[in-house]
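This report goes through one protein model together with its ligand. The sequence and coordinates are shown first, and the discussion follows.

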Amino acid sequence: MSTWEENVRKVIPYTPGEQPNQPDMIKLNTNENPYPPAPGVEKALKEMDMDAMRLYPDPAAYDLVHAIAQMYSLKDEQVFVGVGSDDVLAMSFLTFFNSEKPVLFPDITYSFYDVWADLFKIPYERPALDENFHIKKEDYFRENGGVIFPNPNAPTGVEMQLEDVEEIIRHNQDVIVIVDEAYVDFGGKSALPLIEKYDNLLVVQTFSKSRSLAGMRIGFACGNEKLIKYLNDVKYSFNSYTMDRTALAAGVAAVKDQAYFQETCNKIIETREWTKKELKALGFSFQDSMSNFIFAAHETCPAEKIFEALREKHIYVRYFPKGRTNNFLRITIGTQEEMQTFINVLKDYLK
Ligand SMILES: *Cc1c(COP(=O)(O)O)cnc(C)c1O
């Protein structure tokens with residue numbers, strides 16, 4: 001190792017799901033939305049003022065912040081936006097997890113959390129989910145440097161009841177509790193109303209899943225004004241212009257079309273419930289998912305085999321070949337037609 005390498009900040013990076021690009025593929029591996037963004041988004045992008053591209057975008061991202069605040073009846077000062085919720089979450093780790101005590105998050109959860117913790121040298125502990133992949137709330141009632149978990153959790157899809165979420169917040173009023181609600185719009189119950197009651201709660205959401213805008217990179221956090229101010233202080237110390245002009249315009253247009261949003265979320269929920277029944281009939285087991293994916297294991301056929309067989313047919317799902325999850329597939333909910341094909345291919349393979 002060269003001497004200079006000793007002082008390099010080394011990290012083991014997060015591994016994003018692959019982005020294959022075949023015309024006939026069915027892509028069920030990264031929890032994207034199978035439906036296009038709201039029609040207003042296309043219009044907004046077509047109407048972009050090219051000359052304005054010379055100019056920096058609004059550093060405060062006011063239009064988008066305001067649109068999100070209006071949608072949830074919040075004050076603008078209670079909303080922070082970023083380049084996908086990954087950016088918002090990374091900023092939040094940097095801003096709020098600054099204690100010698102360990103931050104707590106589940107052993108099976110979004111695999112970016114430990115990457116950020118390692119990157120920022122934040123100590124952490126990972127209480128184990130129970131045998132049914134449920135978070136044990138009591139594990140979060142002890143002294144710590146902060147708490148974060150997704151609700152519904154990923155990659156399990158399991159939702160924690162809001163009363164239990166509140167109990168975790170109530171036990172942790174001396175630290176920041178972050179609830180990552182990337183999948184809450186698919187039938188879950190948001191902790192957002194609790195931000196008025198707890199000044200230490202940050203709720204993070206994204207436009208990537210329920211609003212079909214993964215390609216635009218838009219995420220946001222809602223919380224007490226003081227939390228949002230601290231987040232902005234860190235953001236402005238890092239990169240003032242996180243949100244570009246196209247993302248701002250697309251985001252505002254997406255928020256304005258609540259009807260389209262509801263309609264597409266409902267379609268995905270319906271297809272999810274249909275897929276659950278079909279998977280059960282084929283011998284799969286899974287915890288009840290409240291997200292846009294199902295985390296399932298087959299009673300006899302190993303996950304890796306099914307993963308490969310699907311892949312041959314250009315159907316991509318996600319497989320996490322390690323630890324307690326190594327016999328599970330995470331299957332994103334596509335359109336009804338896509339899921340029909342997926343189930344047919346499975347039927348054929350498993351018979
Ligand atoms: C997808 C996801 C995110 C990040 O989404 P962005 O595309 O960065 O907004 C954050 N948390 C969880 C649990 C996710 O599944």
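Is Val 65 buried or exposed? The model is predicted, and in it Val 65 is buried, because its relative accessible area is 8% and a residue counts as buried when that value is under 20%. Val 65 lies in helix α2, and its C-alpha atom is 41 Å from that of Glu 278, a residue 213 positions away in sequence.

## The ligand and its surroundings

Which residues surround the ligand? They are Gly 84, Ser 85, Asp 86, Leu 89, Tyr 110, Asp 180, Ala 182, Tyr 183, Thr 206, Ser 208, Lys 209 and Arg 217. By residue class, this shell divides into 4 nonpolar, 4 polar and 4 charged residues. The largest share of the shell, 4 residues, is contributed by helix α3, which spans residues 84-96. The space that the ligand takes up is the largest pocket.

## Asparagine residues in loops

Where does Asn 29 lie, and with which side chain does the side chain of Asn 29 make a polar contact? Asn 29 is placed in the loop between β1 and α1, the latter covering residues 39-46, and a polar contact of 2.8 Å joins its side chain to that of Lys 27. Asn 29 counts as buried because its relative accessible area is 2%, under the 20% that sets the limit for that class.

Asn 31 lies in the loop between β1 and α1 as well, and its phi angle is near 60°, a positive value in a residue other than glycine. With a relative accessible area of 1%, Asn 31 is buried.

Asn 172 is found in the loop between α5, residues 162-170, and β6, residues 177-180. The side chain of Asn 172 makes a polar contact of 2.7 Å with the side chain of Asn 144, and Asn 172 is buried, since its relative accessible area is 3%.

Ser 73 has a phi angle near 55°, which is a positive value in a residue other than glycine. Ser 73 lies in the loop between α2, residues 62-71, and β2, residues 79-82. What class of accessibility does Ser 73 have, and why? Ser 73 counts as exposed because its relative accessibility is 66%, over the 50% that this class requires.

## Two further residues and their distances

Glu 6 belongs to the segment before β1, a strand of residues 26-28. At 53% relative accessibility Glu 6 counts as exposed, because the class begins over 50%. The C-alpha atoms of Glu 6 and Lys 267, which are 261 residues apart along the chain, are separated by 52 Å.

Cys 301 has its place in the loop between β10, residues 293-298, and α9, residues 303-312. Its relative accessible area is 13%, and therefore Cys 301 is buried. For Cys 301 and Asn 327, which lie 26 residues apart along the chain, the C-alpha atoms are separated by 9.0 Å.

Terms used. Residues numbered from 1 in each chain as written. Predicted model: local features only at pLDDT ≥ 70, side-chain atom pairs only at ≥ 80, totals over all residues. Heavy atoms only, no water. Near = heavy atom within 4 Å. 1 Å grid on protein atoms, 1.4 Å probe; cavity = no way out; pocket = protein on both sides within 12 Å on 5 of 7 lines; lining within 4 Å. Sits in = over half its atoms within 2 Å of the grid points. Helix = DSSP H or I, 4+ residues; strand = E, 2+ residues; numbered from the N terminus. Nonpolar A, V, L, I, M, F, W, Y, C, P; charged D, E, K, R; others polar. Buried < 20%, exposed > 50% of the residue type's maximum accessible area, 1.4 Å probe, protein only. Polar contact = N/O pair within 3.5 Å; in protein donor to acceptor, adjacent residues only side chain to side chain.
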